[in-house]
Number of protein chains: 2
Amino acid sequence: MTTQHKYHHGNLKVAFVAAARDLLEQDGLAALSLRKCAEKVGVSHTAPKNHFGNMAGLMTAIVTQGYSELAERMACDGSPCQQREAALLGYVAFAQANPALYELMFSRDRLVNDDPDLMVQVRACFVILAAASKDLGWHSGTADEQDGKGQVALWSFVHGYAQLVTAGRFKKDNMQGLSILDILPALSKDAD
Amino acid sequence: MTTQHKYHHGNLKVAFVAAARDLLEQDGLAALSLRKCAEKVGVSHTAPKNHFGNMAGLMTAIVTQGYSELAERMACDGSPCQQREAALLGYVAFAQANPALYELMFSRDRLVNDDPDLMVQVRACFVILAAASKDLGWHSGTADEQDGKGQVALWSFVHGYAQLVTAGRFKKDNMQGLSILDILPALSKDAD
DNA sequence: CGACAATGTTTACACTGTAAATATTGGGGA
DNA sequence: TCCCCAATATTTACAGTGTAAACATTGTCG
């Protein structure tokens, strides 16, 4: 009974997302296809249409899960300084652990960008990064201006670093033994 | 005679790259296809095989041209401070003017990453950014250490900013009237 | 218990990249 | 000059892709 094939799979949505993520990290973004996912799950290739609509819908679901996991990786309960370090290290670690998914998460025209679930998870990540950019001391102006600029600056920095690392644009010559905490400007000010 | 169709196109390589870039910025990265390029050029759909080998070869050619243009946009003959400003503004302007091409330029598995021509152009861009990161004053350590970290930091920063802007991850609320020069930390130190 | 919505399958179609065989052209040596 | 050959472009073919429409199965709720 347990392994018996039923006409209704039950939770095909989560099975599809899992299969898609396996294919994504195993063979790369270009090799991801609905039909391979369907074969992997053991279901006809048009089954996902009921759950995701189309390819963009499936990718949006994967990416939404990705942002959720990214938020988990960045979360920290310690001091502000510890929060910042955890967020940055978690961000880069996530990108390195899921490079193909990370690329898809910042793709321009493959996702349903106005998907409500996706927007919620993206916002959750931004909130964590916003908290991590408090009291950076990078900018002048009022406290609000400092916060606004600091948020944009910190996210730009960590995202650019993560993508350039995962895309292989940094040669090892410059990077051996360095983490993002060593590269971030003026972070050492309150580091110890 | 001038518009007469010849069996040998003449300079089909540059014609294909131009057609591909048109399609790229018009319909997005997902809509780029060899067959559409061929139709646009007015040639059979297997013609590019002799020049580019495959899709990755064509994309590599487009991206190589992109890096060349990016270097042009960043280049500046003025003072070090002017060079830095020109490089950063040119970088962001290029990304905003060619968002789909810019995304492709940092794609992971669609390009021939060890292509000699591509590596030359990528390196040229890095050289300009390295010059622009001189005397940033962001890091401590020896001059060499400062330079190495500053190069990685500045490229991370500008690339992350450019991609997050073109990907629409920044809401207008935080960004109205601000340029990257306003966001860069500690750049105002020598800005005036 | 029966209708109905949810879910999955079958079939079909247009489109894509790639390979192999073929055709055309132009240029460089006899 | 002429002919051969390499470069270049075409034709044909094939496997793979996403998507739509029609159909089949299942669970649920009145």
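1. Buried area is the accessible area that two parts lose on being put together, summed over both. In this predicted model, chain A and chain B bury about 3700 Å² between them. Carbon and sulfur atoms give 58% of that area.

2. The contact between the chains involves 42 residues of chain A and 42 residues of chain B. Three residues stand out on the chain A side: A:R108, A:V152 and A:R169. They supply 19% of the area that chain A buries against chain B, more than any other three residues.

3. How many salt bridges link chain A and chain B? The count is 1. B:E103 forms a salt bridge with A:R110. The closest N and O atoms of B:E103 and A:R110 are 4.0 Å apart.

4. Now a helix pair within chain A. Helix α4 of chain A spans residues 55-74, and helix α5 of chain A spans residues 80-97. Their axes come within 7 Å. They cross at roughly 140 degrees. Angles over 145 degrees count as roughly antiparallel, and 65 to 115 as roughly perpendicular. α4(A) and α5(A) are therefore oblique to each other. Their crossing is right-handed.

5. Which residues meet where α4(A) and α5(A) touch? From α4(A) come A:G66, A:E69, A:L70, A:R73 and A:M74. From α5(A) come A:A86, A:A87, A:G90, A:Y91, A:A93, A:F94 and A:A97. The residues of this contact divide into 8 nonpolar, 2 polar and 2 charged.

Methods:
Residues are numbered from 1 along each chain as its sequence is written. Chains are lettered from A and ligands numbered from 1 in the order in which they are written. This is a predicted model: local features need pLDDT of at least 70, side-chain atom pairs count only at pLDDT 80 or more; totals for chains, interfaces and linings use all residues. Side-chain values use heavy atoms; hydrogens and water are left out. Axes are lines fitted to C-alpha atoms, for helices over the stretch in contact, and angles run from 0 to 180 degrees between N-to-C directions. Helices (H or I, at least four residues) and strands (E, at least two) are DSSP runs, numbered from the N terminus. Angles under 35 degrees count as roughly parallel, over 145 as roughly antiparallel, 65 to 115 as roughly perpendicular and the rest as oblique. A crossing is left-handed if the near helix is turned anticlockwise from the far one by less than a right angle, and right-handed if clockwise. Contact means heavy atoms within 4.5 Å. Ala, Val, Leu, Ile, Met, Phe, Trp, Tyr, Cys and Pro count as nonpolar, Asp, Glu, Lys and Arg as charged, and the others, Gly among them, as polar. Buried area is the accessible area (1.4 Å probe) that two parts lose on being put together, summed over both. A salt bridge is a side-chain nitrogen of Lys or Arg within 4 Å of a carboxyl oxygen of Asp or Glu.
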